[in-house]
Amino acid sequence: MAEVLAASQQSKVDTGLRTLGLISAAHWVSHFHLLVLPMLFPFLKATLGVDYIQLGFALTVFAVVSALTQAPTGYLVDHFGARKILLLGLCLGGLALILLGLHLSYPVLIASAVLLGLANSVYHPADYAILAAHMKEARMGRAFSVHTFAGYFGGAVAPAIVGALVASVGGAGALIASGAIGLAVALALLLFGVPEASAKHQRGAGGRVSKQNILTPALIVLTIFFMLLGLSNAGISNFGVVALMNGYGASFSTANIALTAYLGASAVGVLAGGFLADHTHRHGQVAAICFGVNACIVLLIAMLALPPVLLTAAMTAAGFLGGVIAPSRDMLVRSAAPAGAAGRAFGIVSTGFNFSGILSPLLFGWIMDQHLPHWVFGVSAIFMVLTVLITPFTERKSEQGLARAKTA
């Protein structure tokens, strides 16, 4: 009997690891695909005969479509199953890039941006619904952290992979190969059996989709929380190098090393945050403390022209603390989600990231145009402070949501 129980337990562990690996691979693709078009801007500009404003418009189309479809996609996940929707998203994103590679024109670029935006709306609702339904409660924070780390890693290696593809098969070939990666991962999910997750699979749902209003005050606050997180990170990630060079006299290599340290430490912080999230129920307090310290560090960078070693150290610390809160952030959403509505909940709050993706280029671009590079870090610190101020409300609401879920 003991052997049977041990075998059953091992089977559950193996299934959980397989599920986490497959979902993380899908999240890797999502972040990789986010950067394919920007990495190919020089090729697209020369081939299509367009300017950077027109290329930037394609990214705006992508962000707007993704923002408008995140919440509806969460509804589809809860009703029809996350597995089906995730496979559809992987295939759609892959085919969008292949289409552009085969038919290079500006109208096809915009059409591909629309399809990529639709595909991008799939990943958070579907991924988190599957993880919430099939991962052990005691390891949920670590599961979220590995999933997030995979996405970060996909973005980190995208420039190198796309660059290697361009060198070997050209720009059009790079588009086709990048799209094929999405189709290959979709095939892997099919072959290795990624599990289904709809309302009936989610713990405590009783096989029913929640009939209560999904747009609760808790999820509205968390959507704002996600938007502030995105805005605080976007300024440093996208404009940090030019701000350091123009406002602090940093060399190109120093600024790039500092940003690389920031992004690399963020990925490490995500993994560390997973262990922390599994050993506390005070996820809001974790986020508030980390971002409070982070705001002080970023404000220090904004106010002082630090020598290269101290600048890199400060950026590393800021990146690490920013990464630590990611699993706790996801646990807050899971706790606030009504029973059977994980897909819709993550779909709604993820629109906060989309809004930050639409607003941040305009805001921080305007700051740089006003010749105020110090304010790239200063405004980022302000968004961090606002995040800290809103965090207690997310935790209190989320705890109430968790209590409702337990009694459902």
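Author: H7 and H10 cross with a left-handed sense. This is a predicted model. H7 covers residues 217-248, and its axis lies 11 Å from that of H10. The angle between the two is about 160 degrees. Angles over 145 degrees count as roughly antiparallel, so H7 and H10 are roughly antiparallel to each other.

Now the residues. On the H7 side, the contact is made by Ala218, Leu219, Leu222, Phe225, Phe226, Leu229, Ile236 and Leu244. H10 supplies Leu311, Met315, Ile325, Arg329, Asp330, Leu332, Val333 and Ala336. By class, the contact of H7 with H10 has 14 nonpolar residues and 2 charged ones. It has no polar residues.

H10 has another partner to look at. H10 spans residues 308-336, and H11 spans residues 342-369. Their axes come within 9 Å. They cross at roughly 135 degrees. The crossing of H10 with H11 is right-handed.

In this contact, H10 uses Arg329, Asp330, Val333 and Arg334. H11 answers with Ala345, Phe346, Val349 and Phe353. The contact of H10 with H11 divides into 5 nonpolar and 3 charged residues, with no polar ones. Arg329, Asp330 and Val333 are listed for H10 in the contact with H7. Those three residues are also listed in the contact with H11.

Follow the chain past H11. His371 sits in the loop between H11 and H12, the helix of residues 374-407. Its backbone deserves a check. Phi of His371 is near 60 degrees, a positive value in a residue other than glycine. Most residues other than glycine have a negative phi. His371 has a relative accessible area of 69%. Exposed means over 50%, so His371 is exposed.

Ser178 has 0% relative accessibility, so Ser178 counts as buried. Beyond residues up to four places away in sequence, Ser178 touches Phe32, His33, Val36, Leu97, Val162 and Leu165.

Gly151 also lies in H6. Gly151 is buried, with a relative accessible area of 0%. Apart from neighbours within four places in sequence, Gly151 is in contact with His27, Trp28 and His31. Gly151 and Ala25 are 126 residues apart in sequence. Their C-alpha atoms are 8.3 Å apart in space.

Last, the whole protein. It has 12 helices and 0 strands. Read along the sequence, the pattern is α-α-α-α-α-α-α-α-α-α-α-α. Of its 408 residues, 54% count as buried. Consider the contacts with a separation of 6 or more: residues 24 or more positions apart account for 85% of them. The accessible surface comes to about 17,200 Å². Carbon and sulfur atoms hold 72% of that surface.

Terms used. Residues numbered from 1 in each chain as written. Predicted model: local features only at pLDDT ≥ 70, side-chain atom pairs only at ≥ 80, totals over all residues. Heavy atoms only, no water. Axes fitted to C-alpha atoms, helices over the stretch in contact; angles between N-to-C directions. Helix = DSSP H or I, 4+ residues; strand = E, 2+ residues; numbered from the N terminus. Left-handed = near helix turned anticlockwise from the far one by under 90°. Contact = heavy atoms within 4.5 Å. Nonpolar A, V, L, I, M, F, W, Y, C, P; charged D, E, K, R; others polar. Buried < 20%, exposed > 50% of the residue type's maximum accessible area, 1.4 Å probe, protein only. Areas by Shrake-Rupley, 256 points an atom, 1.4 Å probe, with all protein chains shown as cover. Parallel < 35°, antiparallel > 145°, perpendicular 65-115°, else oblique.
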